[in-house]
Amino acid sequence: MQIDVFTLLPEVITPYLQASIMQRAIQRKLIAIQVHNIRDWTTDRHHVCDDMPYGGGGGMVMKPEPIFAAVEAVLGAPPACPLILLTPQGRLFTQAVAQELASLPRFALLAGRYEGIDERVHQHLVSDEISIGDYVLTGGELPALVIIDAVARLLPGVLGDPDGAWDDSHASGLLEYPHYTRPPEFRGWRVPEVLLSGDHGRIARWRREQSLLRTWQRRPDLLAKAELSEMDRKFLSRLQAGEIPTAPEDER
Ligand code: JFE
């Protein structure tokens, strides 16, 4: 997998890629990431990348010329791979979008700054626009890193796990069950007895019910899309009927 990142702040992107799991994935050539400074493609003495908005109003707008020059120099014209603009106006980034991107051999990310980017970049250069959530950041660098991270961990071999990315919350459509490790008692708080029982059937059922309980309590919107068995549905209707205690064990 090859990813190109276009940014005015390469120094924000690079350190994250040089640590931990990302660094290992790059060393093992599972992923190749090139970071390009858009300012390197300015042609004026002061390397200016922003200008005042036509029509007035506050804030500055990213100029189109250095962006087009950078992208066309690296990706060609038209671009050889999808070019994704990070913006609050994009389609929402989800695990499904991460999976979609993880299936591509190559894509590129354009991280803007200032209050916006000249509309001609949206219209004539970019192939897709993604938002990582409904809040406003100061630029596209953190969204770019979020996307790289979520995609990288889906690539075979990036996680230590031989089964690939865990069948975790957003993959299965339910929230994760609670995790515990040693010691069995910490400050008087005990690990649920079932997890110490060695009974793998009971443990699997407890975890499934905890996933269902948490999803019902915290993200009931996810239940509509989740894949639920007949047992799952029976458990949820008992929850709904108030037949199951919902507080953590140690608070009952
Ligand atoms: C840029 C900015 C004023 C944006 C309404 C480039 N999910 C997500 N949140 N924020 C971003 C993405 C993001 C991405 C790129 C960005 C924010 N800004 C700041 C300022 C209005 C804006 O759009 C500049």
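Is Gln123 buried or exposed? At 52% relative accessibility, Gln123 counts as exposed, because the cut-off for that class is over 50%. The model is a predicted one, so please hear every value in this talk as computed from predicted coordinates. Gln123 belongs to helix 5.

Glu11 sits in helix 1, and Glu11 is exposed, with a relative accessible area of 54%. From Glu11 to Asn37 there are 26 residues in sequence, and the C-alpha to C-alpha separation is 9.3 Å.

Staying with helix 1, let me go to the helix packing. Helix 1 covers residues 10-17 and helix 6 covers residues 141-152; their axes are 10 Å apart, at an angle of about 25 degrees. That angle is under 35 degrees, so helix 1 is roughly parallel to helix 6. On the helix 1 side, the contact is made by Val12, Ile13, Tyr16 and Leu17, and on the helix 6 side by Glu141, Ala144, Leu145, Ile148 and Asp149. Sorted by class, this contact of helix 1 with helix 6 has seven nonpolar residues, two charged ones and no polar ones. The crossing of the two, helix 1 and helix 6, is right-handed.

Helix 6 also packs with helix 4, residues 95-102. Which way do those two lie? Their angle is about 75 degrees, and their axes are 9 Å apart. The value falls within the range of 65 to 115, and helix 4 and helix 6 are therefore roughly perpendicular to each other. In helix 4, the residues in the contact are Ala98, Leu101 and Ala102, and they meet Ile147, Ala150 and Val151 in helix 6. The class count for helix 4 with helix 6 is six nonpolar, no polar and no charged residues.

The third pair is further along the chain. Helix 9, residues 200-218, packs with helix 10, residues 230-240, at an angle of about 50 degrees and with the axes 10 Å apart. That makes helix 9 oblique to helix 10. The crossing of helix 9 with helix 10 is right-handed. Helix 9 brings Arg205, Arg208, Glu209, Leu212, Leu213 and Trp216 to the contact, and helix 10 brings Met231, Asp232, Phe235, Leu236, Leu239 and Gln240. By class, the contact of helix 9 with helix 10 divides into seven nonpolar residues, one polar and four charged.

Now the backbone. Most residues other than glycine have a negative phi, and most peptide bonds are trans.

Where are the cis bonds? Pro78 is in the loop between helix 3, residues 64-75, and strand 5, residues 83-92. Another cis peptide bond joins Arg182 and Pro183, and there omega is about 5 degrees. Pro183 is in the loop that runs between helix 7, residues 169-172, and strand 8, residues 185-186.

Then the phi values. Tyr114 is not a glycine, yet its phi is positive, about 65 degrees. Tyr114 lies in the loop between strand 6, residues 106-111, and helix 5, residues 119-124. With 31% relative accessibility, Tyr114 counts as partly exposed. Arg187, also not a glycine, has a positive phi of about 55 degrees. Its place is in the loop between strand 8 and strand 9, residues 189-190. Arg187 is exposed, with a relative accessible area of 68%.

Last, the cysteines. How many disulfides does the structure hold? It holds zero. For anyone who wants the term, a disulfide is a covalent bond between the sulfur atoms of two cysteines. Cys49 has 1% relative accessibility and counts as buried, because the cut-off is under 20%. Cys81 is buried too, with a relative accessible area of 8%.

How values were computed: Residues numbered from 1 in each chain as written. Predicted model: local features only at pLDDT ≥ 70, side-chain atom pairs only at ≥ 80, totals over all residues. Heavy atoms only, no water. Disulfide = S-S within 2.5 Å. Buried < 20%, exposed > 50% of the residue type's maximum accessible area, 1.4 Å probe, protein only. Axes fitted to C-alpha atoms, helices over the stretch in contact; angles between N-to-C directions. Helix = DSSP H or I, 4+ residues; strand = E, 2+ residues; numbered from the N terminus. Parallel < 35°, antiparallel > 145°, perpendicular 65-115°, else oblique. Left-handed = near helix turned anticlockwise from the far one by under 90°. Contact = heavy atoms within 4.5 Å. Nonpolar A, V, L, I, M, F, W, Y, C, P; charged D, E, K, R; others polar.
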